[in-house]
Amino acid sequence: MILCNRKKLHALQISLEIKVYNQDPNNAMAYVFFALLLFCASVMVHIFFCRKTTRPGLQARAYIFIAMIFMGVYIAGVYAAGQGMLLDPHSLWGLPFKITSGVIFILLGPVYLMFYALTQLMSPSKKILMSIGRGGNLSRADILARIEEEDFIGTRLRDLCVSGCARHTKDRYILNPSGQKIATALTIMQRVLGRDMGG
Amino acid sequence: MDLLAAGVGFVSFGIFFIIHVITFRWLQPEKLLRSLRVCVLAVVALPLVLTGILFVNKVMDAPLLAWVLASLLALLITGLVSLVYVLCVFGPYETSVRMRLVREIERRGPEGISLQDLLRRYSSETIMNVRLRRLIGSGDIIEENGLYRSGSKKNFLFFIDIIAGMIKKWIGR
């Protein structure tokens, strides 16, 4: 009898939740919009920071710090919405997408950072495409001249030394412990992917 | 439903990763970009199929609209995780000059490698040859009588370059 009543109560609860949810379906997306809004705000703050800073080079760490602050804002906002009943959580059984929106916010960070890094770097593929786009028909020798002009190997070797991954002593390049860790990670990746060395 | 959407997103990426690890082992560089595009597009449809199966099996009591939203968010998560994997993990492994240099230095052990030895194994010509094979295979450039010209103007690199250009303009340096 009690079990039957509980089942009825549960069914009534679900039907009420669905009913209220159907009356205000926009609430379901409130967290998604909140996360996207905070991501846009974090990008804007980072761009503002990059415009104002006098420090040279990539400001990737600054973005990670800004994104972490905004992630905190998101968590606080979600908690406040739950505490203050701002979004009526009982109307959204299983919804609203709090965790999903948080995951989307976290995933958008590295995507932005990759695009941001590309503003400061020239890749060989991009150089080839740009050269062919501007110069029309090019021979192998022409393309090689453009690639050599950019000195991809020299600049990358210098970057590795500046970042502390490698050192240049007695005309030889030697890996530092941080470079060794990267090399180990790449070896593991090669075993998993089963592909030749990239580059 | 919240966890279900995130879970379906990550499970779909897991399936993409397994397919990618199995099939890309024997893939030649010239087929890499095209295969990656096809693979990502095919796998993006997976969250829709998975949530459809869960909906038909009535795994959870939720209105239809909630299922539709969950499948779209799962799709977004799969797309983003795939993009992060391609841009931040697989892309640098396959194409980064720095990563290749780290491995070339590592091969020689603690005594290191001289620039001359390094250039014998990995030079500007090697960089060019690998990229030309890849770009010709993807149709981004066309080779005719030993001359190279643009194939498709709306390629993936072009799209990435537009977004990077916009960010550069906003940053102002």
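How many bridges join β2(A) to strand β3 (residues 172-175) of chain A, and in which sense do the two strands run? Four bridges join them, and the strands run antiparallel. The model is predicted: local features need pLDDT of at least 70, side-chain atom pairs count only at pLDDT 80 or more, and totals for chains, interfaces and linings use all residues. Residues are numbered from 1 along each chain as its sequence is written, while chains are lettered from A and ligands numbered from 1 in the order in which they are written.

**Chain A overall**
- Chain A holds eight helices and three strands, where helices (H or I, at least four residues) and strands (E, at least two) are DSSP runs numbered from the N terminus.
- Read from the N terminus, the elements of chain A follow the order α-α-α-α-α-β-α-α-β-β-α.
- Chain A has 199 residues, of which 29% count as buried; a residue is buried if 20 or more other C-beta atoms, placed from the backbone, lie within 10 Å of its own.
- Of the contacts in chain A between residues at least 6 apart in sequence, 57% join residues at least 24 apart; two residues are in contact if their C-beta atoms, placed from the backbone, lie within 7 Å.

**Contact between the chains**
- Chain A contributes 69 residues and chain B 68 residues to the contact.
- Helix α4 (residues 98-120) of chain A supplies the largest share of the side of chain A that touches chain B, with 14 residues.
- That side of chain A comprises 47 nonpolar, 13 polar and nine charged residues; Ala, Val, Leu, Ile, Met, Phe, Trp, Tyr, Cys and Pro count as nonpolar, Asp, Glu, Lys and Arg as charged, and the others, Gly among them, as polar.

**Strand pairing**
- An open sheet of three strands has the order β2(A)-β3(A)-β1(B), with antiparallel pairing; two strands pair if DSSP finds at least two bridges between them.
- β2 (166-169) of chain A and β1 (113-114) of chain B stand at the edges, each with a single partner strand, so one side of each has no neighbour in the sheet.
- A:Arg167 has A:Ile174 in β3(A) as its bridge partner.
- Strand β1 (residues 138-139) of chain A pairs with strand β3 (residues 147-150) of chain B in the antiparallel sense over two bridges, and A:Ser139 stands opposite B:Leu147 in β3(B).
- Helix α5 (residues 97-107) of chain B lies across β2 and β3 of chain A together with β1 of chain B, at about 95 degrees to β3(A); axes are lines fitted to C-alpha atoms, for helices over the stretch in contact, and angles run from 0 to 180 degrees between N-to-C directions.

**Packing of helix α5(A)**
- Helix α5 (residues 124-135) of chain A packs against helix α7 (residues 124-138) of chain B at an angle of about 70 degrees, with the axes 10 Å apart.
- α5(A) and α7(B) are therefore roughly perpendicular to each other; angles under 35 degrees count as roughly parallel, over 145 as roughly antiparallel, 65 to 115 as roughly perpendicular and the rest as oblique.
- This contact is made by A:Pro124, A:Ser125 and A:Ile128 of α5(A) and by B:Ile127, B:Arg131 and B:Leu135 of α7(B).
- By class, the contact of α5(A) with α7(B) has four nonpolar, one polar and one charged residues.
- α5(A) also packs against helix α6 (residues 140-150) of chain A, at about 130 degrees and with the axes 10 Å apart, and the two helices are therefore oblique to each other.
- Residues in the contact of α5(A) with α6(A) include A:Lys127 and A:Ser131 of α5(A) and A:Asp142 and A:Arg146 of α6(A).
- That contact has four nonpolar, two polar and four charged residues.

Note on methods:
Buried ≥ 20, exposed ≤ 12 C-beta atoms within 10 Å, placed from the backbone.
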